[in-house]
Amino acid sequence: MDRIIPLGLSEFDGLSDHSRSCVFWETERSVADGDKNCHDSFEKEAWTSSVLLEWGVCGQILIRDGRPVGTCLYAPPNYIPRDKLIPAGPTSADAMLLSHVYIEDDSRSMMSYVSLINAAIQDLKSRGVRAIEAYGRLGDVGAYAEDADPHHWSNHKCIPTQDVLSVCGFKEIIRDPRVSRWRMDIDRHNLWAVSVKAALERRHDQKIELLTYQRRVKATRCRSSQPPEAPQK
Ligand SMILES: [Zn+2]
């Protein structure tokens, strides 16, 4: 059975090997030589904890039969150094970047990717984000394209594949022969819903404030004819 949970530091040690140690997005290191340069679990944990502390939840984890089998990460682009090095970049100033997307080999399916990425989209929507961008490489459902060289940065395994981004609702905005840039604008209806919810919450707070004031007036009238001061706005 599948479930998806937000990434917290307590889940870090249980992540799949690649998600726990890959710093492709979090550094500017070369991925040549079988991408050994890009594996550093200390650095990855330090990055994760600083983003969690400064910005909040920055990832979702796919749990299958009680075991983490997939992870996606996202953050404002200034937290993701690789963004500046990709020819189709950098990410637009108004967007958050969906960076690392990785699901273990035997758990990969379009449905798994869609569930995992949708959880990230829902989290970002609920936080009032206006747009999400991601880089997409050639390949099908997380696999390498037929002509791919796995040592080349453009085929790095935790860059999501273009078919996955397309099914999730992203649109290609900057074309590139290998790694293009994709974008999803959060719909106006969602922004409207968020603003209405915020307005209703403000109204609810004001109503409680008014009731408290009315109770104080009533209590004071029992003791004197002077009403208490009105609540500050
Ligand atoms: Zn990676």
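Me: What do the buried residues of helix 2 pack against?
Reply: Their partners are helix 1 (17-21) and strand 3 (67-75). Packing rests on contacts, and two residues are in contact if their C-beta atoms, placed from the backbone, lie within 7 Å. Helices (H or I, at least four residues) and strands (E, at least two) are DSSP runs, numbered from the N terminus. This is a predicted model, in which local features need pLDDT of at least 70, side-chain atom pairs count only at pLDDT 80 or more, and totals for chains, interfaces and linings use all residues. Residues are numbered from 1 along each chain as its sequence is written.

Me: Which residues of helix 2 are called buried, and what makes a residue buried?
Reply: Lys44, Trp47, Thr48 and Val51 are the buried residues of helix 2. A residue is buried if 20 or more other C-beta atoms lie within 10 Å of its own, exposed if 12 or fewer, and partly exposed in between, with C-beta atoms placed from the backbone.

Me: How do you know on which side of helix 2 they lie?
Reply: They cover an arc of only 95° around the axis, so they are on the same side of helix 2. The arc is that of the directions from the helix axis to the C-beta atoms. The face turned away from the buried side of helix 2 carries the exposed residues Phe42, Ser50, Leu53 and Glu54.

Me: What span is expected for helix 2?
Reply: The expected span is 1.5 Å times one less than the number of residues. Helix 2 has 14 residues, and its reach of 20 Å from first C-alpha to last is close to the 20 Å expected. Just after helix 2, Gly56 takes a positive phi of about 115°.

Me: Why is Trp55 called partly exposed?
Reply: Trp55 has 15 C-beta neighbours inside 10 Å, so it counts as partly exposed. Trp55 is in the loop between helix 2 (41-54) and strand 2 (59-64). Neighbours within four places in sequence aside, Trp55 is in contact with Ala75 and Pro76.

Me: Is Ala93 buried or exposed, and why?
Reply: Ala93 counts as exposed because it has 9 C-beta neighbours inside 10 Å. Its place is in the loop between strand 3 and strand 4 (95-103).

Me: What makes a set of residues a nonpolar core?
Reply: A nonpolar core is a set of buried Ala, Val, Leu, Ile, Met, Phe, Trp, Tyr and Cys residues joined through C-beta atoms within 7 Å. The largest one here has 49 residues, of which Tyr74, Ala75, Leu98, Ile117 and Ile132 touch the most other members. Strand 4 gives the most to this core, with seven residues. Leaving out neighbours within four places in sequence, Ala75 is in contact with residues including Val51, Trp55 and Ile80.

Me: Why do strand 1 and strand 6 count as edges of the sheet?
Reply: The open sheet has seven strands in the order 1-2-3-4-5-7-6, with mixed pairing. Strand 1 (2-6) and strand 6 (171-174) each have a single partner strand, so one side of each is left without a neighbour in the sheet.

Me: How do you know that strand 5 and strand 7 pair?
Reply: Two strands pair if DSSP finds at least two bridges between them. Strand 5 (residues 131-137) and strand 7 (residues 179-185) have seven bridges, in the antiparallel sense. One of these joins Tyr135 to Arg181 in strand 7.
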